[in-house]
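Visitor: I have a chain open on my screen and would like to talk through how it is packed. Can we start with the inside and work outwards?

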Amino acid sequence: MIFYLARSPKMLKTLAVSLRNVVNKILHAPIVDKRLIEEVIRDIQRALLKADVNVRLVLSLSNSIREKALKVEVPPGFSRKDVIIRLIYEELVNILGGETKPDVSIKRGKGHVLMLVGIQGSGKTTSAAKLAYFYKKRGYKVGLVCADTFRPGAQDQLRQLADKIGVPFFGAKEAGSKDPIKIAIKGVEYFKKSNYDLIIIDTAGRHKNEKDLMAEMKELYKRIAPDEVMLVIDATIGQQAGVQAKAFNETVKVGSILVTKLDGTARGGGALSAVAATGAKIKFIGVGEKVEELEVFDPPSFVSRLLGMGDIKSLVERMKQVELLREESVKRIMRGKLTLEDLYQQLITLRKLGPLRKVLELVPGFMLSMDETKIDIADEKLDKWIAILQSMTKEELMNPRIINRSRMQRIARGSGTTVSDVKELLDYYQVLSRSLKKIMRRSRRFGGIRFPGVNLR
Ligand code: GDP
Ligand code: MG
């Protein structure tokens, strides 16, 4: 089969659609039980296997979901469904390279040769210019080589882009040859002689047939021995991406992936298959036709898009913040000690999390102490208190006892509040830390407080 001809619209669906269906199934399920989870796992397995994702990867992903789905503690304010969606999200993010962005740095002065491969129309030439611009802006010396002599106009297309971004170009004219191999070899030599950091080689994406194209890629690969082969994949081609990636990877060792056209409606499910088929990681994504429309790949954003949930990333962020807040505040309670600095940090985190009333329920420390003291904080008060605490010196925060009348006046002036506001905060702090101590003393007598899911060491 000539794979680049197979771009039927039916191919656009599959992975992204199936994953979206899985998320919907979870969201609309009347109850979350073992049966639902098994069903969800089966759906995910089917979707991923159909997308050519490695069987071992699929199994370890399903095992992890099965193991944790009903066991992981549900943080207050969230549901079991949220937890399961987060599990799926995190497993997919892992496949794509984890939470952190890929390392795109390049050794300077070494003439790093980057060869772009991919089918016609995937966006190689555009991406070559984008990459050149990206690295040039970061202070690298970059040269562009056009080794596509099959398509008429290919040379001029890259030459014009190179001129536009002010990057030197080397093509058929410069090499005095129409042989792509000769152009590439001479181009690399030319730029290496002048100590360029990065030499980007744009290649042909089409030949009379697939065999000729692959033969040319193989020959190029052998002769110029690139430091990195980057596969350029069009996000809109869906699962064909896996087939293409496999074909290229069997010819040249694909080291990284650039997914183009993610500015449209495509979810990029095929990218996952390309990753699975090559074992290479996605480094960049193209998000438009202009040279500056290139981004370093961010797995969490990509998976959010893949699952069709724009807010999944923020859901996970919020869940993590709540966990952290719980953990930290519990640690403080266990110490039975709270400084104004601690209080300040808590108030800031509380404000970030949203409506105070809801959030306070999430923090065991505040819940307990509020119960004890019947003290409530309104949202305006929270802002006021944060301002007051910001006007204090480090010394005052760590040792509130030194805050006398004149210090209170200074703090009130600095925060645009009154001395009685400052006093009120200090009173609240006193009551809070006293009740914390009391709770701790009592709990020690009863063998300590336990908070599920919180590691106190
Ligand atoms: P090549 O045949 O692989 O060299 O592909 P080209 O670089 O010539 O690009 C083919 C078409 O895709 C051109 O019209 C580009 O403007 C367009 N294109 C490339 N990258 C992107 C992208 O990230 N977003 C959008 N919207 N279009 C792109
Ligand atoms: Mg091209």
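Guide: First a term: a nonpolar core is a set of buried Ala, Val, Leu, Ile, Met, Phe, Trp, Tyr and Cys residues joined through side-chain atoms within 4.5 Å. Also keep in mind that this is a predicted model.

Visitor: Fine. How many residues are in the largest nonpolar core, and which have the most contacts inside it?

Guide: The largest core has 79 residues. Those with the most contacts inside it are Leu48, Ile88, Leu92, Phe248, Ile257, Leu272 and Ile282.

Visitor: Which helix gives the most to this core?

Guide: Helix α4 does, with 8 residues. The core also draws at least three residues from each of domain 1 (13–95) and domain 2 (112–297).

Visitor: What does Ile88 touch, leaving aside its neighbours within four places in sequence?

Guide: Ile88 is in contact with Val22, Ile26, Val40, Ile44 and Ile65. As background, nonpolar side chains in soluble globular proteins tend to be buried together.

Visitor: What about a second core, which residues does it include?

Guide: The second core is separate and has 29 residues, including Leu161, Leu198, Ile200 and Val291.

Visitor: Back to α4. Where is Glu91, and is it buried or exposed?

Guide: Glu91 sits in helix α4, which covers residues 80–95. Glu91 has a relative accessible area of 13%, and the cut-off for buried is under 20%, so Glu91 counts as buried.

Visitor: What does Glu91 touch, not counting residues up to four places away?

Guide: Glu91 touches Leu61, Ser64, Ile65 and Lys68.

Visitor: Now the surface. Which residues form a nonpolar patch there?

Guide: Leu49, Val55 and Leu59 do, with about 260 Å² of accessible area together. Val55 belongs to helix α3 (residues 55–69). Its relative accessible area is 51%, and exposed means over 50%, so Val55 counts as exposed.

Visitor: Change of topic. How many salt bridges does the structure hold?

Guide: There are 14 salt bridges. In one of them, the side chains of Glu39 and Lys25 meet at 3.0 Å, N to O. Glu39 is in helix α2 (residues 34–50) and Lys25 in helix α1 (residues 15–28), 14 residues apart. Glu39 is partly exposed at 26% relative accessible area, and Lys25 is partly exposed at 28%.

Visitor: Which residues are linked with those two in a network of salt bridges?

Guide: Asp43 and Arg46 are linked in a network with Lys25 and Glu39.

Visitor: What is the story with Arg159 and Glu174?

Guide: They form a salt bridge, with the closest N and O atoms 2.9 Å apart. Arg159 lies in helix α6 (residues 154–165) and Glu174 in helix α7 (residues 172–175). Arg159 counts as buried at 19% relative accessibility, whereas Glu174 is partly exposed at 35%.

Visitor: And where are Lys384 and Asp421?

Guide: Lys384 lies in helix α17 (residues 379–390) and Asp421 in helix α20 (residues 419–445), so the pair ties together parts that are 37 residues apart in sequence. Their side chains meet in a salt bridge at 3.4 Å, N to O. Lys384 is partly exposed, at 37%, while Asp421 counts as buried, at 11%.

Visitor: Last one: how many helices and strands does the chain come to?

Guide: The chain comes to 20 helices and 8 strands. Buried residues make up 52% of its 457 residues.

How values were computed:
Residues numbered from 1 in each chain as written. Chains lettered and ligands numbered in written order. Predicted model: local features only at pLDDT ≥ 70, side-chain atom pairs only at ≥ 80, totals over all residues. Heavy atoms only, no water. Helix = DSSP H or I, 4+ residues; strand = E, 2+ residues; numbered from the N terminus. Buried < 20%, exposed > 50% of the residue type's maximum accessible area, 1.4 Å probe, protein only. Contact = heavy atoms within 4.5 Å. Domains from an automatic or database assignment. Patch = residues over 30% accessible without salt bridge, like charges linked within 9 Å, V, L, I, M, F, W, Y side chains within 5 Å. Areas by Shrake-Rupley, 256 points an atom, 1.4 Å probe, with all protein chains shown as cover. Salt bridge = Lys/Arg side-chain N within 4 Å of Asp/Glu carboxyl O.
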